[in-house]
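Dear colleague,

Please find the structure below, together with its sequence. A short account of the findings comes after it.

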Amino acid sequence: MAGLYVDTSALGRVLLAEPDAPAIAAETERYDVTWSSALLDVELKRVAFREGIEEGVADLLADVSLVDLDADGLRRASAIAPSTVRTLDAIHLQAAVELHKAGAIDAVLTFDHQLQAGCIHHGLRLAAISQPD
Amino acid sequence: MREPATLVLSNGEKIEGEVDRDALGADDIVLHRASTEAKPAARLAAAMRKHLETAVPHPAGTTDRLLEADRNRPY
């Protein structure tokens, strides 16, 4: 069963109907299941709140499996390499690494360059659409 | 080989998952939760397309700009 981790930079593009949103939907459909961190719930709802488009966000989040933000996970995120990954992205990276170890995901869909570098550092494959230039 | 398992916390909360039968003798027993909680990607893709039918289009880079602005918001 192929799993895909989606972060806020990816689902945000769909929420805001950016030009590459249909391609993100097509890429998502290539996998069996989708995962993210509960951080996605907070980040995406904050974006929707600021942009005044809250009505669409719940429907998108309802179909993503979210890893809880527990104390153990946050402790591991605080120390995850590389140090250049930003604080909130470290939470995404830690969740993706753990899901990969558990066999739950095969690739990460992110457009954040620092998170992409973190994924590569840990041997996580980037989804085709989010391969860096 | 994985098999279904339930972790029962002291407060009575139950966490469903799977454990590796061959790793049960290790110091740390890992509970894998993925296969019982994962949601179908096809459903998310369908939700994305439904959302896009009525969503107001934003220029490319809007999400990155909003996330970057949030992280750089002054104290």
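Predicted model: local features only at pLDDT ≥ 70, side-chain atom pairs only at ≥ 80, totals over all residues.

Residues are numbered from 1 along each chain as its sequence is written, while chains are lettered from A and ligands numbered from 1 in the order in which they are written.

Helices (H or I, at least four residues) and strands (E, at least two) are DSSP runs, numbered from the N terminus. In chain A, strand 1 (residues 3-6) directs A:Gly3 and A:Tyr5 one way and A:Leu4 and A:Val6 the other, and all are buried (20 or more other C-beta atoms within 10 Å of the residue's own, with C-beta atoms placed from the backbone). Strand 1 of chain A pairs in the parallel sense with strand 2 (residues 33-37) of chain A over three bridges; pairing requires that DSSP find at least two bridges. Here A:Tyr5 stands opposite A:Trp35. Three bridges also join strand 1 to strand 4 (residues 107-109) of chain A, again parallel, with A:Val6 opposite A:Leu109.

Helix 1 (residues 8-15) of chain A has eight of its eight residues buried, so it is largely enclosed by the rest of the structure. After helix 1 comes A:Ala17, whose phi is positive, near 50°.

In chain B, B:Ala47 belongs to helix 2 (residues 41-54). B:Ala47 is buried, with 21 other C-beta atoms within 10 Å.

Yours sincerely

Conventions: Buried ≥ 20, exposed ≤ 12 C-beta atoms within 10 Å, placed from the backbone.
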